[in-house]
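Look at the sequence and the 3D structure shown here. The report after them goes from the overall fold to single residues.

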Amino acid sequence: ATRPRYTRLQMGHTWVWPLMSEADYATLKNFILNTICYAGIFVWTDPVTGATSNQRLTARPDAYQDNLYWHVTLSMREV
């Protein structure tokens with residue numbers, strides 16, 4: 001018999017910001033491109049619960065500009 005390699009369920013989430021400012025988008029883009037380079041692990045603070053966890057992006061961020069704001073979607077998974 002074998003036991004599971006991981007005993008804790010990894011949680012994944014998709015977060016959507018429909019009205020992100022240009023300054024916040026620039027900060028997020030810099031973080032993704034230069035800090036985690038799309039693949040690094042980062043500490044995420046859940047905006048609802050305040051709980052922190054180590055996360056990694058699971059897909060390329062989706063972003064488009066609509067008038068003065070950015071619509072951004074991030075998919076991530078706990079590691």
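The sections below cover the fold, the core, the aromatic pairs and a few loop residues.

## Overall fold

The model is predicted. Its protein chain has 1 helix and 5 strands, and these follow the order β-α-β-β-β-β along the sequence.

The protein chain has 79 residues, and 27% of them are buried. Its accessible surface is about 6000 Å², with 54% of that belonging to carbon and sulfur atoms. Among the contacts between residues at least 6 apart in sequence, 53% join residues at least 24 apart.

## The nonpolar core

In soluble globular proteins, nonpolar side chains tend to be buried together. In this model, the largest nonpolar core has 13 residues. The residues with the most contacts inside this core are M20, L28, F42, L57, V72, L74 and M76. Two or more residues come from each of strand 1 (12-20), helix 1 (22-35), strand 2 (42-45) and strand 5 (69-78). Strand 5 gives the most, with 4 residues.

Leaving out residues up to four places away in sequence, M20 touches Y25, L28, Y69, W70 and V72. L57 lies in strand 3, which covers residues 52-57. Its relative accessibility is 10%, so L57 counts as buried, the cut-off being under 20%. With the residues up to four places away again left out, L57 touches I32, I36, Y38, F42, L74, S75 and M76. One of these contacts, Y38, is 19 residues from L57 in sequence, while the two C-alpha atoms are 6.8 Å apart in space.

Is T73 buried or exposed? T73 sits in strand 5. T73 is buried because its relative accessible area is 17%, and the cut-off for buried is under 20%. Neighbours within four places in sequence aside, T73 is in contact with T14, W15, V16, P61 and D62.

## Aromatic pairs

The structure holds 4 aromatic pairs. In one of them, the rings of W17 and W44 have centres 6.3 Å apart and planes at 75 degrees, so this pair is edge-to-face. W17 is in strand 1 and W44 is in strand 2, so the pair ties together parts that lie 27 residues apart in sequence. W17 is partly exposed, with 27% relative accessibility, whereas W44 is buried, with a relative accessible area of 13%.

F31 and F42 also form an edge-to-face pair, with 5.7 Å from centre to centre and 90 degrees between the planes. This pair links distant parts of the chain, since F31 is in helix 1 and F42 is in strand 2, 11 residues apart. F31 is partly exposed, at a relative accessible area of 28%. F42 is buried, at 10%, and is among the residues with the most contacts inside the largest nonpolar core.

Which residues form one aromatic cluster with W17? The cluster consists of W15, W17 and W44. Of these, W15 is also one of the contacts of T73.

## Loops and surface

Most residues other than glycine have a negative phi. C37 has a positive phi, near 50 degrees, and is not a glycine. C37 lies in the loop between helix 1 and strand 2 and is partly exposed, with a relative accessible area of 48%. N67 is likewise not a glycine, yet its phi is positive, at about 60 degrees. N67 is found in the loop between strand 4 and strand 5, and it is exposed, with a relative accessible area of 68%.

L68 also lies in the loop between strand 4 (62-66) and strand 5. Its relative accessible area is 68%, so L68 is exposed, the cut-off being over 50%. L68 makes a nonpolar surface patch together with L19 and Y69, and this patch is about 360 Å².

Terms used
Residues are numbered from 1 along each chain as its sequence is written. This is a predicted model: local features need pLDDT of at least 70, side-chain atom pairs count only at pLDDT 80 or more; totals for chains, interfaces and linings use all residues. Side-chain values use heavy atoms; hydrogens and water are left out. A nonpolar core is a set of buried Ala, Val, Leu, Ile, Met, Phe, Trp, Tyr and Cys residues joined through side-chain atoms within 4.5 Å. Buried means under 20% relative accessible area, exposed over 50%, partly exposed in between (1.4 Å probe, protein chains only). Contact means heavy atoms within 4.5 Å. Accessible areas come from the Shrake-Rupley method with a 1.4 Å probe; for residues, only the protein chains shown count as cover. Patches are made of residues with over 30% relative accessible area and no salt bridge: like charges are joined within 9 Å, nonpolar side chains (Val, Leu, Ile, Met, Phe, Trp, Tyr) within 5 Å. A salt bridge is a side-chain nitrogen of Lys or Arg within 4 Å of a carboxyl oxygen of Asp or Glu. Rings of Phe, Tyr and Trp (its six-membered ring) pair if their centres lie within 6.5 Å; planes under 30 degrees apart count as stacked, over 60 as edge-to-face and the rest as tilted.
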